[in-house]
Each structure stands twice: as structure tokens, then as C-alpha cells.
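Please look at the structure below before reading on.

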Amino acid sequence: MAASTPSGNPLQNVSFPSNGRTAHGYLALPESGSGPGVVVIQEWWGLTSHIADVTNRLAAEGFVALAPDLYGGTTTHDSDEAARLMQELPVDQAATDLGGAVDFLLAHEAVTGDKVGAVGFCMGGGFVLVLAAQQGDKIGAAVPFYGVLGEDFPSFENLSAPLLGHFGEEDEMAPPEAVEDLAERIEKESGVRPDFRLYPSDHAFFNDENLLGTYDPEQALKTWSATRDFLRANLG
């Protein structure tokens with residue numbers, strides 16, 4: 001069930017300003033000490049150990065990775081509670097926090113380059129697209145995994161980043177026909193044609209905590225390799 005600590009999620013290890021307030025998150029640095037920045041956006045479960053692990057894995061690949069805590073310290077392993085938390089999260093507030101994370105990374109002494117990447121899962125995959133549209137040319141690469149939002153997507157007019165998306169053919173939350181419709185809308189509004197790929201899997205096939213029972217190690221490895229190479233190619 002939902003849980004939090006007085007100081008927020010114990011995984012929080014960094015704070016950053018965001019639209020006049022303080023946001024928190026989990027930051028991981030590469031062994032080299034510097035590299036391109038990547039924002040990692042949580043699933044509806046919150047800033048969990050899985051998201052921290054993904055952030056660490058990106059750091060191990062040479063990126064400066066930051067996972068903002070959009071729930072302010074709350075996490076859950078209960079799908080009904082997760083759905084409620086996602087529905088109650090104001091998209092504008094979350095997008096503002098994520099914009100603060102972008103600016104934090106771009107100003108960080110360890111971050112190279114003038115653009116950052118964004119990778120997100122489920123709800124976070126939806127927010128990857130919102131962030132890329134909101135932040136324009138500050139985003140150099142965007143990777144949504146089975147992205148969904150609790151409401152319709154805002155305009156993609158200002159989106160300019162190349163997009164690589166990973167979706168499951170058996171996913172009822174983001175079914176193939178909806179994925180194709182989304183790709184067509186993005187291209188029409190932004191001029192960017194997304195590379196949205198379908199895999200023989202269900203929703204959340206990348207999450208090795210397997211809370212939905214849909215983890216697919218083969219497809220998870222395939223999509224991780226593609227994501228890593230895509231970020232390297234577009235962020236330097």
C-alpha cells in the first residue's frame with residue numbers, strides 16, 4: 001500500500017528549484033564524472049527501487065541521470081492506489097517539476113551538451129512526450145515506454161526531439177491502434193515522425209519488479225539496448 005517518510009521517499013538524494021517551489025529526485029552520476037543528462041520519469045507506482053535501478057543503469061552507461069519524484073515521496077505496490085495517484089497528479093504541476101529537472105541537469109557541472117534526453121515508463125512515458133513538447137529544443141532525445149496519460153495529450157507543436165517508443169502488442173492500456181494514432185498526431189502537429197516499435201508483450205514488460213506479472217526479460221533487454229544506443233547517438 002502507499003507509504004512515505006517525513007522527509008519524503010528515502011531514495012531522494014537531490015533537490016532542485018521548480019517554478020518557485022522545491023522538487024526532489026534521485027540523481028546518479030557516471031563513473032567518469034560527466035556525461036549527457038537524461039531525465040528518468042517514473043511509472044504510476046512512484047519513485048520506486050526499479051526507477052532508481054534504471055537511473056543507476058543509465059549512469060553506468062555514461063549518462064548523468066535524474067529521476068524526479070512526482071508524488072512527493074509516496075510510493076505504492078497496489079495497482080488501484082497507483083491509478084488513483086496518477087489520476088490525482090495534475091499534469092501541469094508534473095510537467096513543471098519535470099521542466100525544473102531539465103534546467104537542473106543543463107546547469108549541472110557534470111552534464112555535457114546543451115540538450116538532455118528523457119526516458120519514461122507507463123505514466124512516465126506519457127510525460128516524456130509532454131516534456132518534449134513543453135521544452136522544445138532543450139530535449140535532444142525522447143524515449144517513451146508504453147506511454148499513457150490520465151487525460152488527452154497537449155499540443156505537440158513545439159516538439160522537435162527525435163522519438164523512439166516501445167509498446168506491447170498485447171497492451172490494452174496503449175493498444176497498437178492507439179499507438180499508431182498517437183504517432184500520426186505527433187507527426188502532423190510537430191513534423192517529427194516517431195519511431196514507435198511494437199513488441200510481442202503486454203504493458204510494463206520492462207519492469208523487472210513484475211508487479212503486473214507482465215515482465216518480459218527478452219523484450220526488456222532488446223528495448224534497453226535500443227534505448228541506450230538511441231540516447232548515445234542523439235546526445236553525444
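T227 has its place in helix α6; helices (H or I, at least four residues) and strands (E, at least two) are DSSP runs, numbered from the N terminus. The model is predicted, so local features need pLDDT of at least 70 and side-chain atom pairs count only at pLDDT 80 or more, while totals for chains, interfaces and linings use all residues. Residues are numbered from 1 along each chain as its sequence is written, and side-chain values use heavy atoms, with hydrogens and water left out.

Is T227 buried or exposed? T227 is buried, with a relative accessible area of 2%. Buried means under 20% relative accessible area, exposed over 50%, and partly exposed in between (1.4 Å probe, protein chains only). Not counting residues up to four places away in sequence, T227 touches V119, V143, F145, L164 and H166; a contact means heavy atoms within 4.5 Å.

A220 is also placed in helix α6, which covers residues 217-235. A220 is buried, with a relative accessible area of 6%. Leaving out residues up to four places away in sequence, A220 touches F205, F206 and Y215. E180 is 40 residues from A220 along the chain, and their C-alpha atoms are separated by 21 Å.

## Confidence

The chain has a mean pLDDT of 92, and 97% of its residues reach 70 or more. pLDDT is the predictor's confidence in each residue, from 0 to 100. Over residues 1-7 the pLDDT is below 50, and this stretch has 14 contacts in the model beyond near neighbours in sequence. Where pLDDT is low, the predicted coordinates should not be read in detail.

## Core and rings

The largest nonpolar core has 84 residues. Such a core is a set of buried Ala, Val, Leu, Ile, Met, Phe, Trp, Tyr and Cys residues joined through side-chain atoms within 4.5 Å. Those with the most contacts inside the core are V40, L58, F121, F127, Y146, F206 and L231. Among the residues that F121 touches, not counting those up to four places away in sequence, are V40, I51, V54, F145, Y146 and F206.

A search of the whole structure finds 11 aromatic pairs. Rings of Phe, Tyr and Trp (its six-membered ring) pair if their centres lie within 6.5 Å; planes under 30 degrees apart count as stacked, over 60 as edge-to-face and the rest as tilted. Two of the pairs share Y146:

| Pair | Centre to centre | Angle between planes | Type |
|---|---|---|---|
| F145 and Y146 | 6.0 Å | 80° | edge-to-face |
| Y146 and F205 | 5.2 Å | 70° | edge-to-face |

Why does the pair of Y146 and F205 tie together parts that are 59 residues apart in sequence? Y146 lies in the loop between β6 (139-145) and β7 (164-168), and F205 lies in the loop between β8 (195-199) and α6, so the pair joins those two parts. At 0% relative accessibility, F145 counts as buried. Y146 is buried at 0% relative accessibility, and F205 is buried at 0%. Ring pairs link F121, F145, Y146, Y199, F205, F206 and W224 into a cluster.

The charged end of R57 sits over the ring of W224, 4.1 Å from its centre. This description requires NZ of Lys or CZ of Arg within 6 Å of the ring centre and within 35 degrees of the ring normal.

Helix α3 (residues 91-107) has 17 residues and reaches 24 Å from its first C-alpha to its last, close to the 24 Å expected at 1.5 Å a residue. The expected span of a helix is 1.5 Å times one less than its number of residues. The buried residues of α3 include V91, L98, G99, V102 and F104.

In α4, 12 of the 13 residues are buried, and the helix is mostly covered. What covers its buried residues includes β3 (35-41), α2 (79-88), α3, β5 (111-121), β6 and α5 (176-190). Q135 is found in helix α4 (residues 123-135) and is buried, with a relative accessible area of 14%. Q135 touches G99 and V102, not counting residues up to four places away in sequence.

## Positive phi angles

Most residues other than glycine have a negative phi. C122 is not a glycine, yet has a positive phi of about 55°. C122 is found in the loop between β5 and α4 and is buried, with a relative accessible area of 2%. Y146, not a glycine either, has a positive phi of about 35°. Just after α4, G136 takes a positive phi of about 55°.
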